[in-house]
Amino acid sequence: MSIQSEIERKLSQGLNPAYLEVENESDGHNVPAGSESHFKVTVAADAFEGQRLLARHRQVNALLMDELQGTVHALALHTFTPAEWSARGGRVKESPPCVG
């Protein structure tokens with residue numbers, strides 16, 4: 001199973017999100033072709049209700065502990081409640097280009 005699929009599986013099971021998108025952004029970085037080391041996660045879940053941003057990120061990081069201790073080098077997190085996600089029109093900013 002790919003790392004991206006494993007991230008999707010763990011977040012789906014752990015958060016039961018209303019919305020989940022996991023993007024492998026490794027190709028935009030100085031890594032070998034086919035790498036799975038840089039990810040952008042956008043997730044909207046009721047589990048985040050009443051939580052501050054840091055608590056949300058800690059919750060995601062705890063679910064992905066094995067991946068973060070392994071080959072995942074960078075994880076950009078965009079965490080919302082379903083209402084927050086809806087108020088944003090279902091959009092997040094594009095990731096900036098890698099400078100390294």
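1. Two strands are taken to pair if DSSP finds at least two bridges between them, and in this predicted model β1 and strand β2 (residues 38–44) meet that condition, pairing in the antiparallel sense over 6 bridges. Within that arrangement, Leu-20 stands opposite Val-43 in β2.

2. The sheet as a whole is open and has 3 strands in the order β1-β2-β3, with mixed pairing. Because β1 (19–24) and β3 each have a single partner strand, they stand at the edges, and one side of each is left without a neighbour in the sheet. Direction ignored, neighbouring strands of this sheet are turned by 10° against each other on average.

3. Helix α1 (residues 3–15) lies across β1 and β2, and runs at about 160° to β1. Its 13 residues reach 18 Å from the first C-alpha to the last, which is close to the 18 Å expected at 1.5 Å a residue. Just after α1, Asn-16 takes a positive phi of about 45°.

4. Which residues of α1 are buried? They are Glu-6, Ile-7, Lys-10, Leu-11 and Leu-15, and because they cover an arc of only 125° around the axis, they fall on the same side of α1. The buried residues of α1 pack against β1 and β2, and also against α2 (53–63) and α3 (65–69).

5. A separate point concerns Thr-81, which is placed in the loop between β3 (74–80) and α4 (82–87). Thr-81 has a relative accessible area of 3%, and since buried means under 20%, Thr-81 counts as buried. Leaving aside residues up to four places away in sequence, Thr-81 touches Ala-44, Ala-45, Phe-48, Glu-49 and Arg-56.

Definitions and conventions: Residues numbered from 1 in each chain as written. Predicted model: local features only at pLDDT ≥ 70, side-chain atom pairs only at ≥ 80, totals over all residues. Heavy atoms only, no water. Helix = DSSP H or I, 4+ residues; strand = E, 2+ residues; numbered from the N terminus. Buried < 20%, exposed > 50% of the residue type's maximum accessible area, 1.4 Å probe, protein only. Contact = heavy atoms within 4.5 Å. Axes fitted to C-alpha atoms, helices over the stretch in contact; angles between N-to-C directions. Expected span 1.5 Å × (residues − 1). Arc of directions from axis to C-beta.
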